[in-house]
Amino acid sequence: MKSREDHLVELVDETGKAHGTLTVAAAHQPPGQLHRAFSVLLVDPDGQVLLQRRAAVKTRFPLRWANSCCGHPRPGESLAEAANRRLREELGAGPVELTEVGVYVYYAEDPATGRVEFEYDHVLRGDFLPAAPLLPDPDEVAELRWADPAALAADLDLDPRSYAPWLGGVMNRLLHPLGAASGAPAPAVTPPGSSADDTAERSGGR
């Protein structure tokens, strides 16, 4: 099965306009190539957010706590399709109705692996039903936990090295969606019963 590092990502400019493609591996080599990504935050009825600790085999920021799920849409793939594909692959969850709450560009270098994150990141919020099952893939996810957003924000300031470098920006877009770069929240919905791409991505990437 094809490695995720060999899959294509969509290169974009600072406004999010696509202008080409590159493999995951090449896009994350220094100095990095700006490309489209997404970060999903699942929120329970009490307002807590689901965090995952990234598996040790990840090529970028392994064993750091991050948002519920993240990844890259393939060229021509919608955000809703891509995010629900990764929710299924990483957490055994979904499909979930998702709302885009913001976009931001960030750059981060991983000192442990030498890889680079340079991403135009769409932040997607999904409501998690308490009875919904979660079956995390151990090759993707080392651990799961629920966190209170205020407590998480405080801990991000106290212990930033325990967290993925994009998580602070993702949380900011969740808590302050009207201040996000994309303006008003926009729906990104996968209709019930629709089928996502069944070609699974392999572990090791974002």
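This is a predicted model: local features need pLDDT of at least 70, side-chain atom pairs count only at pLDDT 80 or more; totals for chains, interfaces and linings use all residues.

Reader: How many helices and strands does the protein chain have, and in what order do they run?

Author: There are four helices and 10 strands in the protein chain. Starting at the N terminus, the order is β-β-α-β-β-β-β-α-β-β-β-α-α-β. The chain has 206 residues, and 49% of them are buried. Among contacts with a separation of 6 or more, 70% are between residues 24 or more positions apart. The accessible surface comes to about 9300 Å², with 54% of that belonging to carbon and sulfur atoms.

Reader: Now a strand. On which sides of β3 are the residues buried?

Author: The general idea comes first. Side chains in a regular strand alternate between the two faces of the sheet. In β3, both faces are covered. His35, Ala37, Ser39, Leu41 and Val43 are buried on one side, and Arg36, Phe38, Val40 and Leu42 are buried on the other.

Reader: Which strands pair with β3, and in what sense?

Author: Take the two partners in turn. Strand β8 (residues 116-127) pairs with β3 in the parallel sense, over nine bridges. To find your place there, look for Leu42, whose bridge partner in β8 is Gly126. Strand β6 (residues 69-71) pairs with β3 in the antiparallel sense, over three bridges. Here Phe38 has Gly71 in β6 as its bridge partner.

Reader: What do β1 and β2 form together?

Author: They form a hairpin, with five residues between the two strands. Gly16 in the turn has a positive phi of about 90°. The strands run antiparallel, and five bridges join β1 to strand β2 (residues 18-23). Across the pair, Leu11 stands opposite Gly20 in β2.

Reader: Why is β1 described as largely enclosed by the rest of the structure?

Author: Count the buried positions. Four of the five residues of strand β1 (residues 8-12) are buried, so the strand is largely enclosed by the rest of the structure.

Reader: Let's turn to charges. How many salt bridges does the structure hold?

Author: Side chains of opposite charge can pair when their charged atoms come close. This structure holds 10 salt bridges. One of them joins the side chains of Asp127 and Arg125, at 2.4 Å from N to O. Asp127 counts as exposed, at 52% relative accessibility, while Arg125 counts as partly exposed, at 30%. Elsewhere, salt bridges that share partners join Lys58, Arg86, Glu89, Glu90 and Glu140 into one network.

Reader: Where in the fold do Arg86 and Glu89 lie?

Author: Both are in helix α2 (residues 79-91), three residues apart, about one turn of the helix. The general point is that an α-helix has 3.6 residues a turn, so residues three or four places apart point the same way. The side chains of Arg86 and Glu89 meet in a salt bridge, at 2.3 Å from N to O. Glu89 counts as buried at 13% relative accessibility, and Arg86 is buried with a relative accessible area of 0%.

Reader: What does the pair of Glu140 and Arg86 tie together?

Author: Glu140 forms a salt bridge with Arg86, and the closest N and O atoms are 3.1 Å apart. Glu140 lies in the loop between β8 and β9 (141-147) and Arg86 in helix α2, so the pair ties together parts that are 54 residues apart in sequence. Both Glu140 and Arg86 are buried.

Key. Residues are numbered from 1 along each chain as its sequence is written. Side-chain values use heavy atoms; hydrogens and water are left out. Buried means under 20% relative accessible area, exposed over 50%, partly exposed in between (1.4 Å probe, protein chains only). Two strands pair if DSSP finds at least two bridges between them. Contact means heavy atoms within 4.5 Å. Accessible areas come from the Shrake-Rupley method with a 1.4 Å probe; for residues, only the protein chains shown count as cover. A salt bridge is a side-chain nitrogen of Lys or Arg within 4 Å of a carboxyl oxygen of Asp or Glu.
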